[in-house]
Amino acid sequence: MTSSNRTGKPPLTLVSGGRGADHAASPGAGRGPAAGYTATTRDIDVSVKPIFLEDQSSPPDNHYVWAYHVRIENRGKATVQLRNRHWVITDAIGRIQEVRGAGVVGEQPVLRPGETFEYTSGTPLPTPSGIMQGSYQMEREDGERFDVRIPAFSLDSPHQAMRLN
């Protein structure tokens, strides 16, 4: 599941892609109710908000689905292009799946200083919870490549039994 939107305004529904110079992510790193999870590497902010998709999940079949909305903002002085992605997805019993590929949702967006790019994608798991994290490989106009951290974020569902230690 992926989608794209280049309207320049934050999407109101589960769509992806979007450019603009506005800054809506909360300051600092960590988890906030509105902004989700945020990390900054070399003046590139990456914010992620996961959403459990009850209507696409089937707990009796051990099939759980999440969408995640990503916002990438270039707060630096150099133009960068997102070249590659690397995701590490861990389910509730520790099984790890790695996903690597060119760009995101079929695009390799260029972000000038102050610009943002947003997209929404999704992932299924065989367990009612998990964790995702990863990195984007960015390239500056001078050809320098560097990795930008995607913050670890929790894939939670109402079907996960809670245990207190």
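Where does Ser129 lie? Ser129 is placed in the loop between β8 and β9, where helices (H or I, at least four residues) and strands (E, at least two) are DSSP runs numbered from the N terminus. The model is a predicted one, in which local features need pLDDT of at least 70, side-chain atom pairs count only at pLDDT 80 or more, and totals for chains, interfaces and linings use all residues. Residues are numbered from 1 along each chain as its sequence is written, and side-chain values use heavy atoms, with hydrogens and water left out.

The predictor's confidence in each residue is expressed as pLDDT, from 0 to 100. The protein chain averages a pLDDT of 82, and 76% of the residues score at least 70. Over residues 1-34, pLDDT stays under 50. For residues 1-34 the model has 85 contacts beyond four places in sequence, a contact being heavy atoms within 4.5 Å.

Strand β5 (residues 80-91) takes part in several pairings, two strands being paired if DSSP finds at least two bridges between them. With strand β9 (residues 130-140), β5 pairs in the antiparallel sense over 11 bridges, and Gln81 stands opposite Glu139 of β9. β5 is also joined by two bridges to strand β7 (residues 110-111), again antiparallel; here the bridge partner of Gln81 is Val110. A further antiparallel pairing, of seven bridges, links β5 to strand β6 (residues 96-102), in which Asn84 stands opposite Ala102. The hairpin of β5 and β6 has four residues between the strands, and Gly94 takes a positive phi near 90 degrees in this hairpin.

On a 1 Å grid over the protein atoms alone, a cavity is a set of points where a 1.4 Å probe fits but cannot get out, whereas a pocket is an open set with protein on both sides within 12 Å along at least five of seven lines; lining residues have an atom within 4 Å of a point. The second largest pocket has a volume of about 210 Å³, the volume being the space filled by probe spheres set on the points, with grid points joined across faces, edges and corners. Its lining comprises 16 residues, of which Tyr68, Trp87, Val99, Ser121 and Gly122 lie nearest the centre. At least two lining residues are supplied by each of β5, β6 and β8 (116-125), and the largest share, five residues, comes from β8. The lining divides into nine nonpolar, six polar and one charged residue; Ala, Val, Leu, Ile, Met, Phe, Trp, Tyr, Cys and Pro count as nonpolar, Asp, Glu, Lys and Arg as charged, and the others, Gly among them, as polar.

Individual residues were also examined for burial, where buried means under 20% relative accessible area, exposed over 50%, and partly exposed in between (1.4 Å probe, protein chains only). Ser129 counts as buried because its relative accessibility is 11%. Beyond residues up to four places away in sequence, Ser129 touches Trp66, Asp91, Ala92, Leu155 and Gln160. Ala67, in strand β4 (residues 64-74), is likewise buried, at 0% relative accessibility. Ala67 and Leu53 are 14 residues apart in sequence and 6.8 Å apart in space, C-alpha to C-alpha.

The loop between β2 (36-41) and β3 (44-52) holds Arg42, and Asp43 is located in the loop between β2 and β3 as well. Phi is positive in Arg42, a residue other than glycine, at near 50 degrees, and Asp43, also other than glycine, has a positive phi near 65 degrees. Arg42 is partly exposed, with a relative accessible area of 44%, and Asp43 counts as partly exposed at 41% relative accessibility.
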